[in-house]
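We will go stop by stop.

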Amino acid sequence: MIGWIGTFSLAVALSGAVASAGLCGSAALRGRAPARWVAVVPLLGAAATVATLEWALLTHDFAVRFVAENGSLSTPTYYTVTSLWAAHDGSMLLWVLILAGYLAVEGLRIRAVAPDVRAWALAVLSAATAFFCGLALFSGDVFDRVSPVPADGPGPTPLLQDHAAMGIHPPLLYLGLLGMAVPFSYAVAGLVTARTGSRWVAVLRSSTLTAWILLTAGIVMGAWWSYAVLGWGGYWAWDPVENASLLPWLTATALLHSCMVQRNRRALSMWNLTLAVTTFVLACLASFLTRSGLVTSVHSFAESGVGPVLLGFLAALVVGALVLALLRTAPTARGRPRAGVGAPLGRGTAITLENLLLVALATTVLIGTLFPIVAQVTTGAQLSVGPPYFNRAALPVALLLLVLMGIGPMLDWRVRSSSAALHALAPRVLPGIVVGALTVCVVLLAAPTGGMALATFGLAAYVVTTTLVDTALRLRSRGRGQERVTRHRLAGLVVHVGVVVAAVGIAASSSYTHVVDHSVSKGSVTTVAGRDFRLQSVSSSTTGAGRTVTARLLLTRPDGSVTVLRPQLRNFTARQMTVTSPAVVVGPFADVYVTLLSTDGGRTAELRLAVNAMVDWIWAGGAIAVLGGLTALWPRRRRTTVPASAHDAVPGTEPDPAREPVAVLMEQQ
């Protein structure tokens with residue numbers, strides 16, 4: 001019965017998505033707004049499907065294949081719930097539920113865009129939802145029955161039941177990746193209707209910002225999970241699946257910035273269309289890499305066989321977008337005056353340069369991620385691209401981005417002359433340059449490190465100082481020839497500060513971390529970075545899931561304080577898998593991180609003893625960036641309204657933003 005309900009609900013979701021695509025497409029062709037209720041049906045079906053599978057997991061119905069493969073009587077309830085996304089089939093249902101949720105929200109939301117734009121966007125979003133519903137339904141029934149019915153199951157992968165973050169990280173990541181489908185749908189609608197006016201770009205920005213916030217939180221949460229669970233002491237290994245989540249984040253960041261240029265300069269509309277399409281294509285690429293089985297990763301579902309279908313979907317997205325772009329660009333480009341990004345020392349130019357750097361960074365990561373896969377498929381060669389490539393190729397570009405972060409927000413949109421721009425820029429940038437240089441000198445004298453890390457510390461101090469000085473000067477001028485300090489401008493600066501804080505954490509942890517792999521006997525003391533580690537005992541215990549070996553150590557810090565550490569090795573019998581459970585003592589400037597690698601009959605223990613510098617600054621930077629994003633997303637009070645049609649004109653014929661009576665168009669960041 002449970003299997004029938006789940007399969008029927010998924011079929012309802014698929015039928016609802018197909019119907020929604022058809023009705024919205026029909027409304028779009030007639031230039032009318034679609035019925036709002038249509039987009040809700042897929043969500044009802046997907047929610048019922050997920051609820052049915054969760055019920056089967058919680059009631060330990062081992063007659064259902066997914067439960068027999070991923071459920072267990074000994075698994076705690078929390079991890080039983082999260083095991084829904086511990087394997088391909090269940091995670092695909094979560095994927096469908098989230099996408100259907102976005103479709104329902106966009107369907108019910110009252111948008112100020114023109115009816116045909118909204119109808120086309122909903123048609124595209126419905127079609128994408130229908131594709132993934134069909135993929136979940138036909139790629140392998142998650143509610144298949146098994147016979148004979150097992151008395152117990154192996155439970156989810158041990159790595160996925162060792163940290164509470166597994167209940168948050170994958171849903172956040174999916175929310176972020178799938179949220180990029182919304183700006184993609186409006187990009188396609190813009191290409192079809194040629195309506196890419198101010199209201200359109202406002203919708204594009206808000207939907208991209210929503211997904212960007214969630215994706216940022218998901219990536220940071222994933223790095224934290226990797227650090228806390230995997231026992232290697234790191235947080236980012238340039239794993240192909242990790243890279244795949246970073247790629248849409250980079251292009252979405254570029255899109256958010258170039259939306260400002262379009263809003264203020266009426267330029268880069270085609271660039272924004274391209275970025276919106278590219279971002280969703282990269283989000284789908286992340287799903288392809290995770291589920292194709294082409295890469296080996298703790299994040300991938302190697303048993304999945306949907307890779308060719310997803311590859312075909314990716315190809316269809318790219319080809320369809322290219323055809324639309326060619327059809328739209330050819331007739332509209334002729335005879336239209338070209339809008340520029342502004343003066344060479346204006347903010348539009350700085351943001352454009354920043355866009356190019358972000359795209360270059362994404363391209364660098366994409367090449368390093370796909371090259372081994374392409375080589376394997378074409379030649380059969382087993383190649384790998386490791387951290388040295390990414391560090392050498394990506395870090396210089398990242399440093400250039402930090403340089404622009406200290407200049408771009410200080411520039412104005414309207415610049416009379418280069419000399420005037422330099423005159424206004426000098427009092428803001430010079431203090432930052434001085435503070436940055438002093439920071440480099442102090443770090444070099446106190447704790448010498450590599451050139452990249454020194455540059456990061458200096459640029460971080462420079463960005464923070466210029467941000468503070470610029471804000472103070474603008475507050476003091478109170479609008480006398482200066483751009484106002486609005487909430488949204490402050491939100492953007494907060495995001496920049498968050499990125500800088502994370503960059504400092506990355507540079508410090510890469511430069512000042514001390515790691516020692518050492519065989520320690522009971523009672524002996526090992527010293528790492530001024531901390532003494534004394535192994536007191538090694539014990540073992542047996543639980544329903546398997547056997548756990550625990551080492552007990554005393555940590556003595558330079559100030560004499562003592563802490564007990566208990567790193568573990570946990571063997572899960574059903575999965576025949578042993579995982580490490582590190583002991584971590586968190587500090588504002590350094591973490592103590594101990595991993596139990598192996599034991600020898602309780603007499604000795606092979607330990608990894610590490611003192612990781614400023615790792616927690618990375619999580620703090622991510623939290624600050626998310627806070628800034630939420631502040632920017634908070635809706636503003638409108639002073640008045642105008643008909644939507646007045647804003648969604650064909651590019652090149654829209655009204656002057658400076659004269660529009662809607663507060664959203666006056667936003668300055």
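Select the buried residues of helix α2: Pro 42, Gly 45, Ala 46, Thr 49, Val 50, Thr 52, Leu 53, Glu 54, Ala 56 and Leu 57. Buried means under 20% relative accessible area, exposed means over 50%, and partly exposed is in between (1.4 Å probe, protein chains only). Helices (H or I, at least four residues) and strands (E, at least two) are DSSP runs, numbered from the N terminus.

A word on the model: it is predicted, so local features need pLDDT of at least 70 and side-chain atom pairs count only at pLDDT 80 or more, while totals for chains, interfaces and linings use all residues. Residues are numbered from 1 along each chain as its sequence is written, and side-chain values use heavy atoms, with hydrogens and water left out.

Now show all of α2, residues 41–58. Its 18 residues reach 26 Å from first C-alpha to last, close to the 26 Å expected at 1.5 Å a residue. (The expected span is 1.5 Å times one less than the number of residues.)

What do the buried residues of α2 pack against? Colour α1 (2–29), α3 (65–70), α4 (77–82), α5 and α6 (115–138) to see the partners. Contact here means heavy atoms within 4.5 Å.

Step just past α2 to His 60. Its phi is positive, about 55 degrees.

Next, select Gly 71, in the loop between α3 and α4. Is Gly 71 buried or exposed? Gly 71 is buried, with a relative accessible area of 5%. Show its contacts, leaving aside neighbours within four places in sequence: Phe 62, Phe 66, Gly 153, Pro 154 and Gly 155.

Draw a distance from Gly 71 to Gly 140. These two are 69 residues apart along the chain, and their C-alpha atoms are separated by 18 Å.

Move to Asp 89 in helix α5 (residues 88–108). Asp 89 is buried too, at a relative accessible area of 14%. Not counting residues up to four places away in sequence, Asp 89 touches Arg 65, Phe 66, Gly 140 and Val 142. Phe 66 is also on the contact list of Gly 71.

Last stop: zoom out to the whole protein chain. How many helices and strands does it have? There are 18 helices and ten strands. The C-alpha atoms fill a box of roughly 80 × 70 × 50 Å, taken along the principal axes. Buried residues make up 54% of the 669 residues.
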